[in-house]
Structures are given as structure tokens and as C-alpha cells.
Amino acid sequence: MAADKGFELIREFERSTDPIPAFNDDGVRSVIEDISKIYQENYAHAITFNETGDRKFLPLVMYRHKLIQRQKRCVLAYLGNRLFRLKALRWHVGATLPPEIKACINEPESVWFNKYSKMLAEYMASIHDGYGLNLTNDIKPPKSLYIEVRCMTDYGKFELENGEIVLLKKNSQHYLPKLQCEQLIRQGILQHII
């Protein structure tokens with residue numbers, strides 16, 4: 001059945017363990033070609049029905065119409081779920097996608113991600129009377145204002161908001177304000193010690 005191709009796109013996407021699987025260009029193209037083929041067949045029978053009034057093709061026309069709608073919904077669900085995952089990645093990894101994720105998205109998704117990042121940055125800059133507020137820092141409410149971290153790489157000097165300079169060397173441990181080191185934790189420079 002032709003409808004299985006659209007559903008297979010969704011099934012393949014949901015089964016993937018990657019943050020975002022590679023875009024299935026062939027699968028989407030195949031579904032769109034099926035929709036076009038079914039539409040052309042349906043159009044021919046609909047013209048026959050309109051000209052002759054013969055109702056024998058009416059159930060087939062209606063079935064094909066529902067099949068086209070289902071295929072469209074499957075493709076839109078596939079594309080929509082990819083954007084939802086990209087949106088979640090923006091909140092968790094930041095405005096710059098890692099290369100392994102960039103390789104899995106297509107050009108329109110990349111443009112969408114950049115526009116979404118820009119809108120989010122503009123919104124965060126407009127909060128708090130123009131001072132801005134980084135909403136991506138505290139996705140979960142903090143249990144304490146300071147956390148213990150271990151430096152995973154030689155990062156060098158890191159200046160805190162109060163002007164204090166901390167030297168981040170590989171395997172050194174520090175007790176730092178959570179808000180100021182959360183981005184470094186996401187980048188893999190620091191590791192939160194629990």
C-alpha cells in the first residue's frame with residue numbers, strides 16, 4: 001500500500017536514537033511522487049464522474065482522496081517533528097550546532113534554526129529593561145547558586161561577573177556560580193561534580 005511510505009518516514013524518525021537523524025530526502029521525495037501519482041489517477045476518475053455522472057468511481061475517488069490526505073499528514077508530521085527536535089537542541093546546546101548535527105539537517109532546516117536562534121536572542125536581549133536575560137541558562141531550577149565543577153580541558157583564564165579570575169586547567173576542581181559556568185558545562189569544558 002502506498003500509505004505505508006509516509007508512515008515509514010515517521011516510524012524511522014521515532015526509532016532513531018540520534019538527537020536528530022539525517023534528513024530522509026529519498027523517503028520524502030518518494031511520498032511526494034506517490035501523492036502526485038495518486039492525484040493524477042484520482043483527477044482522471046473525478047473528471048469521468050463529473051462528465052458522465054457514473055457513481056461507480058466515487059468510492060475509489062474518495063478513498064484516494066483520503067490516502068492523499070494521510071500521506072500529506074505523514075510528511076508534515078515528519079517535518080514538524082524534525083523542527084521540534086531542532087528547537088529543543090537550540091535550548092540545550094546553544095545557537096551553534098555541533099558538526100555531527102549540522103551534517104544531518106538540510107538547508108531549509110538550517111535557515112529555520114538560524115532564524116529561530118536570532119528571534120530567541122532578540123527576545124532575551126529585550127527582557128529586563130534592555131539588560132537582557134539568558135533564558136537558556138536555567139532550564140531546570142537550580143538547587144544551589146554555586147556548584148562544584150571539574151575542568152575537562154585546559155581552558156585558561158575565566159573571569160566571573162564579580163571580577164574574580166579563575167584559572168581553568170585540566171582536572172582542576174572549582175566551586176563556581178552556576179549561572180556563569182553553565183554554558184561551559186554544555187560545551188564540555190567543565191563537568192558538574194555531583
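## Burial and overall form

Of the 194 residues in the protein chain, 32% are buried; here buried means under 20% relative accessible area, exposed means over 50%, and partly exposed lies in between, with a 1.4 Å probe and protein chains only. The structure is a predicted model, in which local features need pLDDT of at least 70 and side-chain atom pairs count only at pLDDT 80 or more, while totals for chains, interfaces and linings use all residues. Residues are numbered from 1 along each chain as its sequence is written, and side-chain values use heavy atoms, with hydrogens and water left out.

The radius of gyration of the protein chain is 26 Å, whereas a compact globule of 194 residues would have one near 16 Å. This radius is taken over C-alpha atoms, and the globule rule is 2.2 Å times the number of residues to the power 0.38. Along its principal axes, the C-alpha trace spans about 85 × 40 × 30 Å.

## Helices and strands

The protein chain contains 6 helices and 5 strands. Helices (H or I, at least four residues) and strands (E, at least two) are DSSP runs, numbered from the N terminus. From the N terminus on, the order of the elements is α-α-α-α-α-β-β-β-β-α-β.

## Helix H6 and its cover

Helix H6 comprises residues 178-186, and its residues Lys-178, Gln-180, Cys-181, Glu-182 and Leu-184 are buried. The cover over the buried residues of H6 includes strands E1 (146-151), E2 (156-159), E3 (165-168), E4 (173-177) and E5 (190-192). After H6 comes Gly-188, which has a positive phi near 85°.

## The nonpolar cores

A nonpolar core is a set of buried Ala, Val, Leu, Ile, Met, Phe, Trp, Tyr and Cys residues joined through side-chain atoms within 4.5 Å. The largest one has 12 residues, including Ile-147, Val-149, Cys-151, Leu-168, Cys-181, Leu-184 and Leu-190. E1, E3 and H6 are the elements that give two or more residues to this core, and E1 gives the most, with 3 residues. A second, separate core has 10 residues, among them Phe-13, Val-28, Ile-35 and Ile-68. In soluble globular proteins, nonpolar side chains tend to be buried together.

Leu-190 lies in strand E5 and counts as buried because its relative accessible area is 2%. Leaving out residues up to four places away in sequence, Leu-190 touches Val-149, Arg-150, Cys-151, Met-152, Leu-168, Leu-176, Cys-181, Leu-184 and Ile-185. From C-alpha to C-alpha, Leu-190 and Asn-171 are 9.4 Å apart in space, although 19 residues apart in sequence.

Lys-170 is found in the loop between E3 and E4. Lys-170 counts as exposed because its relative accessibility is 51%. Leaving out residues up to four places away in sequence, Lys-170 touches Cys-151, Met-152, Thr-153 and Asp-154. The C-alpha atoms of Lys-170 and Gly-94 are separated by 23 Å, and these residues are 76 residues apart along the chain. Cys-151 touches both Lys-170 and Leu-190, and its other contacts include Leu-168, Asn-171 and Ile-189, not counting residues up to four places away in sequence.

How values were computed
Contact means heavy atoms within 4.5 Å.
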